[in-house]
Amino acid sequence: MEGGTRIVVIVVLVLLIIGGLVLVLNHLGVVSSGPTPPPHVLARIVRKIDKDTFEVMDLSLGQWRKLGYNKEGKYKNPKTGKYTMVPSMTCAHCGKDIPVPELPATGPEGGPEDPMVYEEMMRNYRCPLCGQLAMPSPDMGEMPMPPGGVAPRPVQPGGAPPRPAPPVRR
Ligand SMILES: [Zn+2]
């Protein structure tokens, strides 16, 4: 009977070790870049702009991911080696490519997650090139993605959130 007990103890120990490994791997997965997007997403051309020099670059998402990004979500500029590449947007006033504004660093992760904070900031964002409001009209469609964040919903004129689409009858 002693042999049976020993086997049970060994099995429990092995299960504990496997559980611990899974936890560690999960933790590493969260810290690193996360799941790899499918190939058609990686092939998509993404325009980014250097926040310091305003140089625009069009690379595929896969190429950007290979270059790497820092914890603030800024990608590496392949020419300077610095993490200064941020999502680009077009100024509604002068039509030039400008960097999207950076989120204020108030949260523990470097910026608030609240989309309302971002929307408010976008409405007041002035183009660094022409000094005019870069997004004067709230109904211009989708807002650009904040660095490393979730795109907020566009706000309808009057400030009311967009109405959900009516349910589709089957
Ligand atoms: Zn402008």
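**Entry 1: a residue in a loop**

I began with Phe54, which is found in the loop between S1 and S2. I took helices (H or I, at least four residues) and strands (E, at least two) as DSSP runs, numbered from the N terminus. I worked on a predicted model, in which local features need pLDDT of at least 70 and side-chain atom pairs count only at pLDDT 80 or more, while totals for chains, interfaces and linings use all residues. Residues are numbered from 1 along each chain as its sequence is written.

I looked up the backbone of Phe54 and noted a positive phi of about 60 degrees, although Phe54 is not a glycine.

**Entry 2: the strands around Phe54**

Strand S1 covers residues 45-50 and strand S2 covers residues 56-60; they pair in the antiparallel sense over five bridges. I counted two strands as paired if DSSP finds at least two bridges between them. The hairpin of S1 and S2 has five residues between the strands. Within this pair, I found Lys48 opposite Met57 in S2, and Ile49 has Val56 in S2 as its bridge partner.

Asp50 stands opposite Met85 in S4.

**Entry 3: the other partners of S4**

I followed S4 to strand S3 (residues 75-76), with which S4 pairs in the antiparallel sense over two bridges. The bridge partner of Tyr75 in S4 is Met85. In the hairpin of S3 and S4, six residues lie between the strands, and Gly81 takes a positive phi near 75 degrees.

S4 also pairs with strand S5 (residues 97-99), in the antiparallel sense and over three bridges. I noted Ser88 opposite Pro99 in S5. The hairpin of S4 and S5 has six residues between the strands, and Gly95 there takes a positive phi near 75 degrees. As background, I wrote down that in a regular strand the side chains alternate between the two faces of the sheet.

**Entry 4: the nonpolar core**

Which residues touch the most other members of the largest nonpolar core? Of its 14 residues, I listed Val86, Met89, Ile98 and Ala134. The elements that give two or more residues to this core are S4 and helix H4 (115-123). The largest share, three residues, comes from S4. By nonpolar core I mean a set of buried Ala, Val, Leu, Ile, Met, Phe, Trp, Tyr and Cys residues joined through C-beta atoms within 7 Å.

**Entry 5: a lysine in a helix**

I located Lys66 in helix H3 (residues 61-67). Lys66 and Lys76 are 10 residues apart in sequence, and I noted 9.3 Å between them in space, C-alpha to C-alpha.

**Entry 6: the whole chain**

Lastly, I looked at the protein chain as a whole. I found four helices and five strands, and from the N terminus on the elements run α-α-β-β-α-β-β-β-α. Of the 170 residues, 17% count as buried. Among contacts between residues at least 6 apart in sequence, 47% join residues at least 24 apart. Two residues are in contact if their C-beta atoms, placed from the backbone, lie within 7 Å.

Methods: Buried ≥ 20, exposed ≤ 12 C-beta atoms within 10 Å, placed from the backbone.
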